[in-house]
Amino acid sequence: MQAPLRRPEPGVLLRRRAAQTGEVVATLAVIFFVAFPLVWMILAAFKNQIDVYSTRLLFTPTLDNFRAIFANPIFLGSHVWVSALVSFLTVAVTIPLAAAASYVLSRHRFRGRDTLFLLILITQFVPAVVVAIPFFTLFRSLNLIDTPWALIIVYLSFTLPYAIWMLRGFFDALPVEIEEASFIDGCNELQTLRYVTIPLILPGLLVAAVFAFISAWNEFFFALILTRSDALTLPVTIQTISGPRGPMWEQVAAAGMLVMVPILVMSLFIRKYFVEGITVGAVK
């Protein structure tokens, strides 16, 4: 016969409720700290020149700021195209190369494999400012300054190592027996990789692709150094939006919203795969 459950003492209940209340307050504080700048930027994007300098939340919204950033003299449309081109090409190069490299590092054993993988990871710890001047000198000698190709090459230097590290975790977590079964059925290594392995690590590929896209889409430092006018990306263009009264904050906020839109849309569509990718890819 089971003993009757004892009710917690009043002091214990009080401490539990205090702890729960503290967790709720801390969570709300973090949400406010993260969301407030975004909400304020969204509100500023729909304000006019007078309201943008006020703190009132009730105002007459306007779309003039979005019209202005696509008109003379900003012409944001061309910079959107450059950012999209650089970001998508970075993803298109990163994912196939990272998948091939991580597969070899995971499934094949050769001398210096662990050392090579360690060297790939070490590149992530090199500060960007250290390699900025060598990159600038190299691209100037190759006449690639102020071109999208210079940005793509630079972005690959930090998207590839991260994608290789992440995808190797997926390959390591995938049982080798699955691939061995396909070998028995007559598939060669390339067919197994294409029809068996790649579909099984699709969440990891999506996570790596999103990381590469966001890194290229939001990157500012190298874009500021390696571009001047023809290949200006959105982050660099935003900091140049100004007028007779200084920075046009309402137009800056409107341009900032355009930078956020692709990332928010991608997050809504792949949030399920993103969580799965982070948890599975970090197993090993």
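Buried means under 20% relative accessible area, exposed over 50%, and partly exposed in between, with a 1.4 Å probe and protein chains only. Helices (H or I, at least four residues) are DSSP runs numbered from the N terminus. The model is predicted: local features need pLDDT of at least 70, side-chain atom pairs count only at pLDDT 80 or more, and totals for chains, interfaces and linings use all residues. Residues are numbered from 1 along each chain as its sequence is written, and side-chain values use heavy atoms, with hydrogens and water left out.

**Exercise 1. Check the length of helix α9, then list its buried residues.**

Step 1. The expected span is 1.5 Å times one less than the number of residues.
Step 2. Helix α9 covers residues 202-218, which is 17 residues, so the span should be 24 Å.
Step 3. The end C-alpha atoms of α9 are 24 Å apart, which agrees.
Step 4. The buried residues are P203, G204, L205, V207, A208, A209, V210, A212, F213, S215, A216 and W217.
Step 5. That is 12 of the 17 residues, so α9 is largely enclosed by the rest of the structure.

**Exercise 2. Do the length check for helix α5, and find what covers its buried residues.**

Step 1. Helix α5 holds 14 residues, 128-141, so it should span 20 Å.
Step 2. Its end C-alpha atoms are 20 Å apart, in agreement.
Step 3. A132, F135 and F139 are buried in α5.
Step 4. The cover over the buried residues of α5 includes α6 (148-173) and α10 (221-226).
Step 5. Just after α5, N143 has a positive phi of about 60°.

**Exercise 3. Describe how α3 and α6 pack.**

Step 1. Axes are lines fitted to C-alpha atoms, for helices over the stretch in contact; angles run from 0 to 180 degrees between N-to-C directions.
Step 2. Helix α3 (residues 76-107) meets α6 at about 35°, and the axes are 7 Å apart.
Step 3. The contact residues are 21 nonpolar (Ala, Val, Leu, Ile, Met, Phe, Trp, Tyr, Cys and Pro), 3 charged (Asp, Glu, Lys and Arg) and 5 polar (the others, Gly among them).

**Exercise 4. Is T237 buried or exposed, and what does T237 contact?**

Step 1. T237 sits in helix α11, residues 234-238.
Step 2. Its relative accessibility is 3%, so T237 counts as buried.
Step 3. Contact means heavy atoms within 4.5 Å.
Step 4. Leaving aside neighbours within four places in sequence, T237 contacts L76, H79 and L232.

Note on methods
Helix = DSSP H or I, 4+ residues; strand = E, 2+ residues; numbered from the N terminus.
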